[in-house]
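Please look through the sequence and the model shown below before reading on. The paragraphs that follow lead through its strands, its helices and some of its loops.

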Amino acid sequence: MPPRPRTAARRRWRRFLATSVVLLAVAAVGFTLWSNQREEPAKQTPAADPTGTPLPDAQRARGDLDRLTIAWNRNWESYDRTAFGPGWSGRGGEPVLADGCTAREDVLKRDLTEVRLADSNSCTVRSGVLMDPYTGQRLPYDRFAASEIEIDHVVALGDAWRSGASEWTSEQRERFANDVGNLLAVQKQANQDKGSKTPDQWRPRTAYWCDYARRWVAIKSRWALTVQATEKSALADMLGSCSPPVAR
């Protein structure tokens with residue numbers, strides 16, 4: 001005898017409910033796994049000079065400093081930011097490096113900790129924290145909020161222009177502007193106070209003198225830029241703050 005229509009409908013309804021519960025449970029587990037995966041902090045890379053190798057130690061930096069050419073600044077009146085290619089306006093047009101990201105994006109990923117990347121683009125930093133090398137301050141970063149963080153050219157484009165870049169090709173200048181070894185994420189006000197000043201005119205906090213001078217010398221050496229006498233003296237003074245090598 002076939003089941004009554006009402007009983008069959010009830011059985012079908014129970015099967016539907018059971019299947020729905022199972023599907024919802026599977027979906028919830030999948031979402032949790034996906035959410036946890038997307039929130040994993042990005043791995044940080046150590047600070048490096050333009051070649052991707054560790055910055056020179058103090059002894060090598062002193063030798064490199066001695067080999068730099070001393071010369072007066074030149075062509076300062078003709079400096080124009082556009083001579084170094086487009087900046088990082090965020091409206092597109094920025095040069096893309098070999099890894100598919102812009103220099104600004106690479107620097108944020110390198111210098112920030114607790115980094116969260118955008119779901120759809122591994123180049124885009126969504127949030128993170130900066131321990132500012134110039135001031136020692138701890139600064140949060142949120143892509144969608146006003147930020148106290150800027151990207152600084154350690155050897156500023158204006159100083160590079162005055163110490164030799166005015167004689168480069170436009171391609172060389174654009175490469176320099178996007179050289180991640182010459183870029184640091186720093187506190188906004190410190191970056192603006194620094195401007196295009198050389199170490200005889202502006203210095204970061206004392207605890208960062210050694211690394212700052214090592215980076216500055218590495219950049220000027222790599223790009224064959226000149227230094228002024230007062231600049232060289234200031235760099236030598238800052239390198240004097242480096243800890244002596246540990247005896248073995």
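Leu130 has Leu139 in β3 as its bridge partner. The model in which this pair is found is a predicted one, where local features need pLDDT of at least 70 and side-chain atom pairs count only at pLDDT 80 or more, while totals for chains, interfaces and linings use all residues. Residues are numbered from 1 along each chain as its sequence is written, and side-chain values use heavy atoms, with hydrogens and water left out.

The helix α3 packs on the sheet and touches β1, β2 and β3, where contact means heavy atoms within 4.5 Å. The direction of α3 makes about 55° with that of β2; axes are lines fitted to C-alpha atoms, for helices over the stretch in contact, and angles run from 0 to 180 degrees between N-to-C directions. The names of these elements follow DSSP runs, numbered from the N terminus: helices are H or I with at least four residues, and strands are E with at least two.

The sheet itself is open and consists of 3 strands in the order β1-β2-β3, with antiparallel pairing. Two strands pair if DSSP finds at least two bridges between them. Because β1 and β3 stand at the edges, each with a single partner strand, one side of each is left without a neighbour in the sheet. From one strand to the next, the twist averages 10°.

How many bridges join β1 to β2? Strand β1 (residues 113-117) is joined to strand β2 (residues 125-131) by 3 bridges, and the two run antiparallel. Within this pairing, Leu117 has Val125 in β2 as its bridge partner. Strand β2 is also joined to β3 (residues 138-142), by 5 bridges, again in an antiparallel arrangement. Here Gly128 stands opposite Tyr141 of β3. The hairpin of β2 and β3 has 6 residues between the strands, and in this hairpin Gly136 takes a positive phi near 85°.

The helices are considered next. Two packed helices are described by the angle between their axes and the distance between the axes. The axes of α2 and α7 lie 9 Å apart, and the helices pack at an angle of about 45°. They are therefore oblique to each other, a term for angles that are not under 35 degrees (roughly parallel), over 145 (roughly antiparallel) or 65 to 115 (roughly perpendicular). The contact is made by Ala58, Ala61, Asp64 and Leu65 of α2 together with Arg214, Val217 and Ser221 of α7. By class, this contact of α2 with α7 has 4 nonpolar, 1 polar and 2 charged residues; Ala, Val, Leu, Ile, Met, Phe, Trp, Tyr, Cys and Pro count as nonpolar, Asp, Glu, Lys and Arg as charged, and the others, Gly among them, as polar.

How is α2 placed against α8? Their axes come within 10 Å and cross at roughly 170°, and the two helices are therefore roughly antiparallel to each other. In this contact, Ala61, Arg62, Leu65 and Asp66 of α2 meet Lys232, Leu235, Ala236 and Leu239 of α8.

Two loop residues complete the account. Asn75, in the loop between α2 (58-67) and α3 (103-111), has a positive phi near 55° although it is a residue other than glycine. Asn75 is partly exposed, with a relative accessible area of 32%; buried means under 20%, exposed over 50%, and partly exposed in between (1.4 Å probe, protein chains only). Ala224 lies in the loop between α7 (209-222) and α8 (229-239) and counts as exposed at 65% relative accessibility.
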